[in-house]
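Hi,

Here is the model I promised to pass on. Have a look at it first, and my notes follow below.

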Amino acid sequence: MKGLAGFAALVGLWELLRSAHVLPPGSAPASVDIARALGNPDLPGATAGTLIAWAAGLLLAASIGIPLGVLLGLSRWVDAALTATVDFLRPIPAVALIPVAVVVIGLGAGMQALLVGFACLWPLLISTRFGVRDVDPLLTETGRVLGARGLRLAATVTVPAALPSIRTGLRTAASLGLVVAVATELATGSPGLGWFIAQQQQAGQIPAAYAGIVVAGLLGYLVHLVTS
Amino acid sequence: MKRLLGLLVAALLLLVWEVAGRTGDTGLFPPVSDAIAELASIDPWTDVLPSAGRALAGFAIGVTLGALLGVTIGWLRGLEPWVRPALEFLRAVPPPAVLPVAVLALGATSGMRITVIAAAAMWPVLIAGVDATRAVEPGYLDVARISHARPVSVILPAVLPALIAGARIALGIALIMMVISEMTAATSGLGYLILQAQRTYAIAQMYAGIIVLGLLGWLVTAVFSLVERHVLSWYEDQKGIAGG
Amino acid sequence: MAETPLVRAAGLGKSFRGRRSTTQAIADIGFEQAPGEFLGVVGPSGCGKTTLLRCLAGLERPDTGTVEFDGRPVTGIPDAVSVVFQDYHRSLFPWLTAGENVRFPIRDRGRAAGREQAREALDRVGLAGFADHHPFQLSGGMQQRVAIARAIVSRPRFLLMDEPFASVDAQTRAVLEQLTVTITAELGLTVLLITHDIDEAILMADRVLVLSARPSRVLREVPIDLDRPRDEVETRALPLFQDYRREIHRVIANPGTAD
């Protein structure tokens, strides 16, 4: 209830800034027009495009990042072997690889998923590795005493104990993935909310561009709710 | 020994890249030596510094605003339930989504780029500030009151670890926004350079640009960690003792 | 009491409004405390002792009644009042060293003077040489010593202590009790000690105030006529000590028969 009032206040503030010409009326349409533009027929398709690229990328990152993170956490040698490489690749902003992906793979959903996957990989990898490394030795000792060894020990004790940390990584990755998905659409014209917003802006359909932003925000909010 | 192994593996991967580049013929994977040679074509003054400057300016403005707003909202306890959902929504908007509109409103200027970087970097710090301020130990505030000190003198150091954790996330987002804002409607900067290189099939230069971006990312992260360790030495030590 | 009291509380009452119900913490508390007197306050757990302390310190405004300090009604937090809070984990600042924590209440007094006074306060609690340690590098007992040093560094006249030894082990507790009595006597402090430990109150105080369960009121005032210095072992063995203990236990167990 109070939260809705907060949203109402946000809309009110927007209208106030508009009518006071703090926000240029040309690029800040009335909230009613934005609301009306939410019915734009292209919007659901664009939302689906972003959602699919995001989900595919996140899935890709999880299927590589979590097992690799477990391996890095368990084996000091594998960890040592890959640390330098990880440390060099990780700071590269994923969006910097957009041109590479376009050149190597070409435009399309696969390219987009790969970029999202690259961005999401690092938080998942790092938090899984830390989670596994931080598992209370008492737990693994107990598991060993109860007869679990090797993979079985990892699957029944180590990974479950590292789950909270993996979840943290997943949360970070999920919101980062959405950022990269939208950025990729913006830069390459892949179908999705980013491209929708850019197109509407170029066509002078400013309320529709804002409607795209609102939907992107709602999508982000949803992702946040689902992962936390 | 282990450090050496890591470097060895990295060197091996670079070697694979080099060999693949020399034997392949697609032109998409130029040998790494070509990319490194192309580094010379990147002018630090006109290509790198403006980008880095905009990113740092936007980051600094965003983090400062986020800290001020976050601590204020967290401190005004009654306010929080009213503004929280609206804040969570605004925070959830993927920052690149506002770029087209920002270009429209502010033009393709440095100011616009700094604004979108700041707006993106602000949120992780703001939300961390709200949560941490609400969680400040009431006992600290009692001690401040009984000592006739202003609450802010204990709130700020108490929430600093959370603010810095938020700033660390903000740093990554600032770099993303730096690159993407230069890829749309720009005529200079590293993002522009990389995209332009791709469009003109100067593939080696494209990789050189990415290497520079990687180095830049590595450098700012390293400086950030250094500052963090200095400012939060007490916090790290305490965690170390609590953990071991 | 011939002397003019330093602290006078009359008709203190305080309630807390929750979401659904209102809890009355203290109902009607009144007492006087002479300068230099060591007053112990005991009562069943959850009886509003902490609320009383917060009202006396000016941290909380009572709904009814008045607190007077040095003849003037307390509205804000008086300068000459200091508090040792219950849990050192929640009152020492982890980002400051022990010395900086102690200096916090006198941070306006100039660097050199402040440092000197903080050093002296740490000396008094037996922590000379630990000024540069952070709280988490010190044991629980040492941390509570830092908290005591911080409370006396500004040379207050009235020291309020809220179950100060509740979170340390029994051995340390006896040492800290002794230390507190010695220091506060040396400094001529007026002390109000809140505790749920009846023995502790008898061992340390000149007079013990027994509170009832919530909403609390004063059930009885028990003057303690035990010679000082009192001893952890010897004093406890005295028949008089046992009488006090029995009396207070009885009052708490059967509040109806108090008078």
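Grid points are joined across faces, edges and corners, and a volume is the space filled by probe spheres set on the points.

Some housekeeping: this is a predicted model, where local features need pLDDT of at least 70 and side-chain atom pairs count only at pLDDT 80 or more, though totals for chains, interfaces and linings use all residues. Residues are numbered from 1 along each chain as its sequence is written, chains are lettered from A and ligands numbered from 1 in the order in which they are written, and side-chain values use heavy atoms, with hydrogens and water left out.

**Cavity and pocket**

Searching the whole structure turns up one cavity of 30 Å³ or more. Helices (H or I, at least four residues) and strands (E, at least two) are DSSP runs, numbered from the N terminus. On that basis, α3 (44-75), α8 (152-183) and α10 of chain B each supply at least two lining residues of this largest cavity, and α3(B) gives the most, with four. B:Phe59, B:Leu171 and B:Leu216 are among the residues in that lining.

For residue classes, Ala, Val, Leu, Ile, Met, Phe, Trp, Tyr, Cys and Pro count as nonpolar, Asp, Glu, Lys and Arg as charged, and the others, Gly among them, as polar. The cavity lining is nine nonpolar, no polar and no charged.

The second largest pocket holds about 1300 Å³ of space. It has 37 lining residues, with A:Leu89, A:Ile92, A:Leu97, A:Phe118 and B:Trp17 nearest its centre. Elements giving two or more residues to this lining include α3 (43-74) and α6 (109-133) of chain A, and α1 (2-23) and α10 (203-231) of chain B. By class, the lining has 35 nonpolar, two polar and no charged residues.

**Chains together**

Contact here means heavy atoms within 4.5 Å. Two pairs of chains are in contact, and chains A and B share the most contacts. Chains A and C do not touch, and their nearest C-alpha atoms are 16 Å apart.

Buried area is the accessible area (1.4 Å probe) that two parts lose on being put together, summed over both. For chains C and B that comes to about 1900 Å², 68% of it on carbon and sulfur atoms. On the chain C side, C:Arg90, C:Trp95 and C:Phe136 lose the most area to chain B, together 34% of what that side buries.

**A helix pair in chain A**

Axes are lines fitted to C-alpha atoms, for helices over the stretch in contact, and angles run from 0 to 180 degrees between N-to-C directions. The axes of α3(A) and α8(A) (residues 150-188) come within 8 Å and cross at roughly 145°. Their contact has 14 nonpolar, four polar and one charged residues.

Most residues other than glycine have a negative phi, and most peptide bonds are trans. What is the peptide bond from C:Arg214 to C:Pro215, cis or trans? It is cis, with omega near -10°, and C:Pro215 sits in the loop between β9 (207-211) and β10 (216-223) of chain C. Another cis bond joins C:Arg228 and C:Pro229, with omega about -5°. B:Tyr201 has a positive phi, near 55°, and lies in the loop between α9 (190-199) and α10 of chain B.

Cheers

Conventions
1 Å grid on protein atoms, 1.4 Å probe; cavity = no way out; pocket = protein on both sides within 12 Å on 5 of 7 lines; lining within 4 Å.
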